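Hi,

Here is the structure I promised to hand over.

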Amino acid sequence: MRSTRRLTGGLGVVAATALVLAACSGTPDGGTDGSAGGEEVPEGVTEVTFWQQSFTDEENEWYESVVDSYNESQDEVHVTLTAVPGDAWEQRMTAAQAAGNAPDIRTMNYGGVRNAALTSQITPLSDLISAEAWDDLQENVRGSVTVDGEEYAYPMLVEPSAILWYRTDLFEAAGIDGPPTTWDELVADAELLTNDEVFGMRLAQNAPDLSWSTWGYQWNVAGHLPISDDWSEGMATEDYAPLLQAFQDLFASGALPPADGVGYPDASTFGDGQYAMMANGSWAASQLLNDYPDLVPNVAVAPMPSFDGQSGQTTATLGGWTWAVDGNTEVAEEAAAFIEWALGGDTENVVPFFEATQFSKVSPRVSVAEAISALPDVDSVNPWNAVIQEEIVPFAQPEPGYPWNVSLAMGEAIEAAMQGTPVSEALAAANDKINTEIANSQLAGTGS
């Protein structure tokens with residue numbers, strides 16, 4: 001049994017005023033436009049252009065390094081790399097596609113692969129990358145890039161989207177002997193931990209962040225996602241009521257404060273000591289290790305609670321990044337050869353990425369995962385790695401591939417409930433929006 005004792009001093013609320021900021025899945029944007037090496041393309045050499053969303057400095061440096069290494073390894077193809085800030089990505093990509101000069105290769109999250117494949121925005125890669133490279137992938141991850149029997153992108157990494165990060169020192173002071181295992185316990189603990197100096201819980205609060213960060217909770221509470229498998233019918237039913245109610249209760253209690261001005265993927269406000277618990281992805285490990293080393297000994301992780309309290313259930317989705325080849329490229333074979341060399345070939349090309357990011361991300365390749373597990377210092381570098389790998393990743397579902405507006409409808413419903421809209425009313429509105437999207441985008445029968 002979990003034991004608690006009341007904090008002295010009563011329940012207080014720290015004053016906070018913040019703008020609600022939209023964010024998208026992934027690590028916080030940390031880069032600017034740039035090209036690997038900066039050298040000109042040699043005459044007579046085939047150029048392959050590659051756009052990556054800008055991530056952390058460590059990730060960007062690996063991208064530059066692997067591109068430089070490939071360019072030095074042979075003299076027939078030159079890959080030109082550009083890092084594009086996340087907040088400029090959609091505008092830049094849309095403009096490039098309209099002008100007919102989209103990059104030959106681009107980073108793409110798993111959720112975008114199916115739609116891009118069905119609309120011929122990206123090239124099938126099944127026959128352009130070797131069977132050995134495909135067979136080295138974990139089956140559930142390979143399925144995330146497979147559409148109608150063809151693979152359309154090569155996976156680079158996966159990241160559990162929702163992990164419970166908590167302060168062991170604050171739990172001890174509050175007399176709480178372990179992380180919550182149900183959402184009822186989560187709400188109760190968050191209230192108990194809230195005082196004049198700290199809030200109990202940090203969760204996504206704006207609709208865009210709620211849209212994707214809650215996929216795992218949605219799956220857990222309802223046993224399904226809010227659209228039928230064939231994408232013909234909205235299923236934002238009362239099955240989701242406990243989830244919306246939990247957000248409403250947390251916000252009403254004061255344990256979940258008004259938004260703190262940074263997006264869900266950013267762990268800085270937890271690192272600064274504003275919260276006792278935080279929901280965030282595995283990528284938060286790198287930020288905490290690099291920016292808040294003094295806090296690390298007092299931070300532990302656990303799976304996000306399930307609604308029935310049972311362990312070994314889905315409470316997170318596996319998101320992350322793939323590399324895809326443009327549907328209109330004239331250098332598909334050369335682009336695919338580079339992708340296989342960098343991501344699907346020698347493990348020595350890709351293991352340094354996971355080392356640079358302090359094992360805060362997970363390789364979808366069996367051979368790479370084995371190479372990483374053989375390293376002597378993984379758990380000393382990332383003290384949370386074992387729990388994430390053993391208790392969260394195996395039970396996570398791939399992130400859904402349906403159009404963003406379906407996810408946004410649920411995000412808006414959770415936000416509305418959190419702000420006081422009756423749960424049934426918020427869910428009814430979400431279901432209407434999903435059915436409208438099904439009709440407008442002619443989704444019926446196109447699901448996986």
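**Around F251**

Leaving aside residues up to four places away in sequence, F251 touches Q205, L256, P257, P258 and M418, where contact means heavy atoms within 4.5 Å. Before going on, please note that this is a predicted model, in which local features need pLDDT of at least 70 and side-chain atom pairs count only at pLDDT 80 or more, while totals for chains, interfaces and linings use all residues. Residues are numbered from 1 along each chain as its sequence is written, and side-chain values use heavy atoms, with hydrogens and water left out.

F251 sits in helix α10; helices (H or I, at least four residues) and strands (E, at least two) are DSSP runs, numbered from the N terminus. Its relative accessible area is 29%, so F251 is partly exposed. The scale is this: buried is under 20% relative accessible area, exposed is over 50%, and partly exposed is in between (1.4 Å probe, protein chains only). V187 is 64 residues away from F251 along the chain, yet their C-alpha atoms are separated by 9.6 Å.

Q205 belongs to the loop between β8 (199-202) and α8 (207-213). Is Q205 buried or exposed? Q205 is buried, because its relative accessible area is 10%. Again not counting residues up to four places away, Q205 touches L210, F251, L256, P257, P258, A259, E415 and M418.

**How α9 meets α10**

Helix α9 (residues 215-222) and helix α10 (residues 241-253) have axes that come within 8 Å and cross at roughly 125°. Axes here are lines fitted to C-alpha atoms, for helices over the stretch in contact, and angles run from 0 to 180 degrees between N-to-C directions. The two helices are therefore oblique to each other: angles under 35 degrees count as roughly parallel, over 145 as roughly antiparallel, 65 to 115 as roughly perpendicular, and the rest as oblique. On the α9 side, Y217, Q218 and V221 make the contact, and on the α10 side P242, L243 and F247 do.

Most residues other than glycine have a negative phi. What phi does W231 have? W231 has a positive phi of about 60°, although it is not a glycine. W231 lies in the loop between α9 and α10 and is buried, because its relative accessible area is 6%.

S120 also has a positive phi of about 60° without being a glycine, and it comes just after α3, in the loop between α3 (110-118) and α4 (131-135). With a relative accessible area of 52%, S120 is therefore exposed. In α3 itself, the buried residues are Y110, G111, V113, R114, A116 and A117.

**The cores**

A nonpolar core is a set of buried Ala, Val, Leu, Ile, Met, Phe, Trp, Tyr and Cys residues joined through side-chain atoms within 4.5 Å. The largest one has 95 residues, and those with the most contacts inside it include W165, Y217 and W384. Helix α18 (residues 404-418) gives this core its largest share, seven residues. Another core, of 39 residues, lies apart from it, with F55 and V331 among its members.

Happy browsing!
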